[in-house]
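Visitor: I am new to reading structures. Can you walk me through one?

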Amino acid sequence: MESMTISRERELTSAAPVRHSRSVDAAARRTAFWFVAPALTLMGLVAAFPIGYAIWLSMHQYSVRVSGLSRFVGFKNYIDALASEAWWQAFGQTFTFATISVSLEVLLGVGMALLLNLAFRGRALMRSALLVPYAILTVVSAITWQAMFDPHLGLITEVLRTLGMPGGDTIWLAESGYAMAVMIMADVWKTAPFVALLVLAGLQVISSDVYEASALDGATKLQTFFFITLPLLRPAILLAAILRLLDALRVFDLPFVLTRGANGTGSMSLLAYQQLRESRLVGEGSALSILTFLTVMVVAVIYLRFAGGNLRGTTKEKI
Amino acid sequence: MSPRRPLSPTATRVGPLLWTLIIVIMIVSLIPFYWLINTSFKVGGGLSSAALWPENPSVQNYIDVFRNAKFVLALRNSLVVSVATTFFALLFGATAAYALARLPLKRRGMILTLVLSVTTFPVIAIAAPMFNLWSQLGLYNTLLGLIIPKLTFTLPLAIFTLTSFFREIPTELEEAASIDGSSPARTFWQVILPLAVPGIVTTGILVFIASWNEFLLPATLTSTPDAQTIPVAIAFFTGASEFDIPTGTISAASVLVTIPLLVGVMIFQKRIVSGLTSGAVKG
């Protein structure tokens with residue numbers, strides 16, 4: 001419809017060159033509007049509007065069991081949540097999980113990217129192998145690592161037992177600390193390859209001139225890495241780290257499948273979910289989910305403030 | 001961007017130490033999935049042994065999976081939801097990305113901020129409102145009720161990936177089409193879109209995987225097998241009784257849902273790598 005009207009308009013005006021170009025501009029602007037409208041409407045309706053509704057819910061005492069019971073309680077749900085041990089536990093456990101797993105993912109990801117950037121037979125094979133964890137559902141990755149650490153049929157527990165090392169007779173998911181280790185392992189295994197691929201793409205666009213220049217200046221390999229490669233990789237590494245960090249702070253599937261949040265493996269999202277779905281406490285659960293939302297936002301804003309300058313170059317390219 | 005470019009001039013000879021490292025990394029990447037396959041062929045007493053190879057390999061677990069009506073329904077639901085999500089994410093994502101990349105658009109900065117902020121959104125934040133709204137609108141526990149929010153949360157991925165693909169198409173084509181009297185919309189559908197097919201396929205794969213993998217929305221917005229998707233079915237898999245945890249069957253189900261994805265990823269691996277990294281690290 002739109003395009004037909006526009007083209008008819010253009011036929012009518014094509015005789016006058018000045019008006020022609022103005023109408024082309026107007027047509028392009030109108031097309032641009034209609035092209036972004038569906039996506040923006042959806043994001044407004046399904047992301048922005050519900051957040052407002054969630055804030056409203058979080059300020060009410062609301063029960064699904066006794067339907068229709070709803071009264072305004074102000075910030076009570078937030079005060080209760082912030083005074084509760086459960087929230088701070090979930091908060092601490094989420095940050096422990098996120099910091100350790102993202103650090104490991106970045107370290108291993110950069111290492112694997114450097115390896116993948118070397119010339120060796122079987123490089124393509126290694127890249128394919130790294131895509132295997134990517135193709136696996138997060139839920140399945142949880143089940144996979146559950147199987148690896150199973151006290152009876154697990155490979156890792158079996159190896160530890162055979163070697164007589166500690167952990168062989170441990171029921172990993174039933175002990176705090178150990179359970180967190182399994183969760184981190186599952187996350188690092190699934191997502192370090194993603195970091196590696198992002199960093200590898202960053203490595204491959206570094207011009208060889210830079211390396212030649214540094215070789216001419218007599219730089220050692222180590223110097224070249226720390227003073228040339230690493231600074232040039234900064235944007236790629238920072239981008240991979242923020243993407244991973246935001247995901248890790250929202251973690252839900254892994255603790256849900258592995259432990260249902262028990263044994264020190266809770267997460268903010270999981271706690272909010274349990275209040276909402278299992279305890280049916282809509283007001284309290286909404287307050288917890290808004291707190292989760294705010295926490296993630298604050299981390300994103302702080303990260304962008306400190307790393308933004310380095311990221312901006314890449315985001316601008318991206319956009 | 002192609003990973004198979006000539007070997008980098010910085011390439012060093014790979015010594016035995018690096019070879020060991022490479023082999024260890026490959027083993028670590030592959031062994032966990034092998035272990036899942038291994039477990040899926042174990043039955044009875046085999047399920048309490050950590051044998052590297054099932055002693056009496058049996059396909060019983062796989063038969064059980066297909067006899068499980070919940071799983072078969074979940075497979076259908078996941079397919080319908082992910083295909084529909086991918087289709088609409090590509091349609092709305094491609095038009096939005098083209099407008100962002102090439103057309104004179106007002107408030108471009110604000111739109112990009114909105115799209116970016118949706119990517120940082122914790123899905124849990126909209127769980128309660130969506131649950132209430134969908135219950136009132138009759139969309140709770142329906143496939144449509146899953147497609148709408150999943151579409152919203154995959155749109156940013158589609159928009160960002162496609163924008164970088166559209167940027168790579170030379171502007172001369174649009175100029176030529178415009179001189180020939182084609183409207184911007186017609187130029188997009190008839191000239192640009194056919195050229196962007198590789199980018200669209202790549203984006204489609206990424207969106208499909210993201211939608212297939214996502215767990216929190218179906219966990220919140222469904223209650224019965226009629227609308228549950230694969231991740232939910234696997235997470236809530238129960239055996240004959242609700243308290244029996246059927247390790248073998250869960251493993252078999254997990255292997256089954258992974259194989260098609262794995263095949264797809266291997267076939268399209270170059271595209272996926274370029275899609276994952278497109279735009280992110282250019283210049």
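What follows is a set of questions and answers on this predicted model.

Visitor: How many helices and strands does chain A have, and what share of its residues is buried?

Guide: Start with the secondary structure of chain A. It comes to 13 helices and two strands. Now take burial in chain A, which has 319 residues. The share that counts as buried is 44%.

Visitor: Which helix of chain A gives the largest share of the side that touches chain B?

Guide: Look at the contact between the chains. On one side are 98 residues of chain A, and on the other are 88 residues of chain B. One helix supplies 21 residues of the chain A side. That helix is H2 (residues 17-58) of chain A.

Visitor: How many residues on that side of chain A are nonpolar?

Guide: Sort the side of chain A that touches chain B by class. Charged residues number 11 and polar ones 20. The nonpolar count is 67.

Visitor: Which residues of chain A does Ile234(B) touch?

Guide: Leave out residues up to four places away in sequence. Within chain B, Ile234(B) touches Ile250(B), Ala253(B) and Ser254(B). In chain A, Ile234(B) touches Val139(A), Val140(A) and Ile143(A).

Visitor: Is Ile228(A) buried or partly exposed?

Guide: Ile228(A) sits in helix H10 (residues 221-249) of chain A. It touches Val210(A) and Ser214(A), not counting residues up to four places away in sequence. A residue needs 20 or more other C-beta atoms within 10 Å to be buried. Ile228(A) has 17, so it is partly exposed.

Visitor: How many residues of helix H12 of chain A are buried?

Guide: Helix H12 covers residues 268-278 of chain A, 11 residues in total. Among the buried ones are Met268(A), Leu270(A), Tyr273(A) and Gln275(A). Helix H12 is mostly covered, and its buried count is eight.

Visitor: Is Asn263(A) buried or exposed?

Guide: Asn263(A) lies in the loop between helix H11 (253-258) and H12 of chain A. Its phi is positive, near 55°, though it is not a glycine. Most residues other than glycine have a negative phi. Asn263(A) has 21 other C-beta atoms within 10 Å, so it is buried.

Visitor: How far apart are the centres of the two domains of chain B?

Guide: The assignment gives domain 1 (13-58) and domain 2 (61-277). Seven residues of domain 1 are in contact with seven residues of domain 2. Taken over C-alpha atoms, the centres are separated by 31 Å.

Visitor: How far apart are the end C-alpha atoms of residues 143-166 of chain B?

Guide: UniProt, in an unreviewed entry, places the feature "transmembrane region" at several spans of chain B, including residues 143-166. This span is 100% helix and 0% strand. Its end C-alpha atoms lie 32 Å apart.

Note on methods
Residues are numbered from 1 along each chain as its sequence is written. Chains are lettered from A and ligands numbered from 1 in the order in which they are written. This is a predicted model: local features need pLDDT of at least 70, side-chain atom pairs count only at pLDDT 80 or more; totals for chains, interfaces and linings use all residues. UniProt positions are given in the numbering used here, feature names are shortened, and annotations may be inferred rather than shown by experiment. Helices (H or I, at least four residues) and strands (E, at least two) are DSSP runs, numbered from the N terminus. Two residues are in contact if their C-beta atoms, placed from the backbone, lie within 7 Å. Ala, Val, Leu, Ile, Met, Phe, Trp, Tyr, Cys and Pro count as nonpolar, Asp, Glu, Lys and Arg as charged, and the others, Gly among them, as polar. A residue is buried if 20 or more other C-beta atoms lie within 10 Å of its own, exposed if 12 or fewer, and partly exposed in between; C-beta atoms are placed from the backbone. Domain bounds come from an automatic or database domain assignment.
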